[in-house]
Amino acid sequence: MEELVNIFVRSIFIDNVVFAYFLGMCSYLAVSRTVSTAHGLGMAVVFVLGITVPINYLIENYFLQKGALSWLSPAFENVDLSFLSFIMFIAVIASMVQLVEMAVEKLSPKLYTSLGIFLPLIAVNCAILGGSLFMQEREYGTIAEAASFGVGSGVGFYLAIVGIAAIREKIKYSNIPGPLRGLGITFIIAGLMGMAFMSFMGIEL
Amino acid sequence: MSQTEQQEKEPLFSFRNVKLLTTPLDDENPITVLVLGICSALAVTVMLQPAVVLTISVICVMGLANVIVSLLRNTIPSRIRIIVQLVVIASLVILVDQILKAFLYDVSRQLSVFVGLIITNCIIMGRLEAFALSNKVWPSFLDGVGNAAGYGIILVIVAFIRELFGSGTVYGYPVMERLGVYELGYEDNGFMILPPMALITVGVIIWVQRARNRKLIESSPS
């Protein structure tokens with residue numbers, strides 16, 4: 001249990017997907033003009049990461065890894081399919097996003113309209129694929145750990161995007177030099193936020 | 001671009017085709033103007049070598065993906081086009097990944113997950129959607145290579161700045177040491193290696209580019 005909380009807190013603050021690994025940067029900069037859209041995208045990312053990382057964990061451990069197929073028959077002891085992981089992960093993500101979209105549309109039309117275009121776009125958000133790839137690289141022990149890493153990364157992204165959206169709403173009223181307006185200043189603000197997040201670095205949990 | 005004449009048969013490097021190759025380098029740079037493909041651009045720019053390797057990989061994947069999708073453009077049903085594009089890109093990326101693992105193992109370790117993340121690099125998807133799906137093979141190829149090169153230029157500039165000031169080397173060659181500035185009391189700025197400085201460096205590059213090319217300035221604040 002303690003281990004799960006550790007992974008969760010780590011992935012939110014210390015290994016924040018946006019500031020430590022620059023994942024999901026495109027949507028982070030493009031969809032952070034107002035807090036409400038940032039909130040919608042953030043929720044969608046938490047949702048999809050929380051679902052796809054555990055599923056990809058199962059696929060990784062029962063199909064792709066070396067010797068993972070031995071539960072089928074001992075003859076597959078030496079089969080190593082890990083070179084297929086990119087294509088499997090992206091297929092899982094794309095189909096899960098489609099499924100989640102349909103489920104949300106049926107179960108909660110209100111949430112569906114508020115998420116709007118962001119749900120389908122998430123299929124090509126690097127934070128989602130990056131979550132699965134980091135899960136593979138760090139070799140988590142149990143599915144619960146993988147799930148807590150997935151949800152934690154999502155929450156980290158949510159915090160980062162809502163934070164910068166709030167700053168950008170305020171900055172509309174400041175007088176910024178022409179060439180720096182818009183994208184330029186957003187990059188610099190993101191850099192400053194990254195420095196703030198770096199103060200969590202080195203904390204041992 | 002309006003003065004280009006429509007010809008029956010265009011030469012291979014007509015004005016319009018060269019334009020496809022050069023506009024992404026400045027006016028429509030994927031990173032600094034269109035805000036595409038930033039994730040990988042920032043993460044691999046601590047050193048010049050991984051940045052160069054990633055640039056070459058992206059140029060290969062993007063040129064080929066554009067060609068393949070452009071060849072298939074009349075047979076792909078529009079409902080499932082995203083997944084078809086993802087499959088094309090993912091197969092090419094697997095090829096690149098295996099080649100890197102075989103011949104450049106050290107660099108491939110350094111790049112870690114970012115080779116895989118070429119799949120979700122939004123430039124590639126974006127150009128496939130916007131260009132390759134509705135254009136002939138040769139212009140699509142040029143467009144792909146041009147955009148990947150525009151992406152690569154920013155990558156290499158950022159990596160050059162960060163490596164020079166962060167570790168005092170250029171492509172592994174100890175420039176600062178050879179210049180003898182350490183004896184004068186110069187010290188490497190360790191902060192340049194850390195992630196936030198990548199963002200700020202790109203921010204400053206955007207500033208410089210837009211100050212030079214004033215038509216890119218955004219009219220409404222934020």
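What volume does the second largest pocket have? The second largest pocket of this predicted model has a volume of about 540 Å³.

Chain A contains ten helices and zero strands. Its elements, read along the sequence, follow the pattern α-α-α-α-α-α-α-α-α-α. The C-alpha trace of chain A spans about 70 × 45 × 35 Å along its principal axes. Chain B is built from nine helices, again with zero strands. From the N terminus on, chain B runs α-α-α-α-α-α-α-α-α. Its C-alpha atoms fill a box of roughly 65 × 45 × 35 Å, taken along the principal axes.

The two chains meet at an interface. Here, 43 residues of chain A are in contact with 46 residues of chain B. The size of an interface is often given as the accessible area lost when the parts come together. For chain A and chain B the buried area is about 4000 Å². Carbon and sulfur atoms account for 81% of it. On the chain A side, A:Phe22, A:Phe86 and A:Pro179 supply 18% of the area buried against chain B, more than any other three residues.

Six helices of chain A each supply at least two residues of the side that touches chain B: α2 (17-21), α3 (25-30), α5 (85-107), α8 (126-138), α9 (143-171) and α10 (183-198). Of the elements, α10(A) gives the most to this side, with ten residues. By class, the side of chain A that touches chain B has 30 nonpolar, eight polar and five charged residues.

Open space was then considered. Rolling a probe the size of a water molecule over the atoms shows where empty space is left. The largest pocket holds about 960 Å³ of space. It is lined by 33 residues. Closest to its centre are A:Pro120, A:Leu121, A:Ile122, A:Val124 and B:Ile82. In chain A, α3, α5 and α7 (118-121) give two or more residues, as do α4 (81-103) and α6 (122-130) in chain B. The largest share comes from α5(A), with five residues. The lining of the largest pocket divides by class into 23 nonpolar, six polar and four charged residues.

The second largest pocket is lined by 20 residues. Nearest its centre lie A:Ser85, A:Gln136, A:Glu137, B:Lys101 and B:Arg109. At least two lining residues each come from α5 and α8 of chain A and from α4 and α5 (105-111) of chain B. By class, this lining has five nonpolar, eight polar and seven charged residues.

The structure holds one cavity of 30 Å³ or more. The largest cavity has a volume of about 50 Å³. From chain A, A:Leu23 and A:Cys126 line this cavity. From chain B, the lining takes in B:Gly37, B:Cys39, B:Ser40, B:Phe114, B:Leu117, B:Thr120 and B:Asn121. By class, the lining of the largest cavity has five nonpolar and four polar residues, with no charged residues.

Conventions
Residues numbered from 1 in each chain as written. Chains lettered and ligands numbered in written order. Predicted model: local features only at pLDDT ≥ 70, side-chain atom pairs only at ≥ 80, totals over all residues. Heavy atoms only, no water. Contact = heavy atoms within 4.5 Å. Buried area = accessible area lost by both parts, 1.4 Å probe. Helix = DSSP H or I, 4+ residues; strand = E, 2+ residues; numbered from the N terminus. Nonpolar A, V, L, I, M, F, W, Y, C, P; charged D, E, K, R; others polar. 1 Å grid on protein atoms, 1.4 Å probe; cavity = no way out; pocket = protein on both sides within 12 Å on 5 of 7 lines; lining within 4 Å. Points joined across faces, edges and corners; volume = space filled by probe spheres on them.
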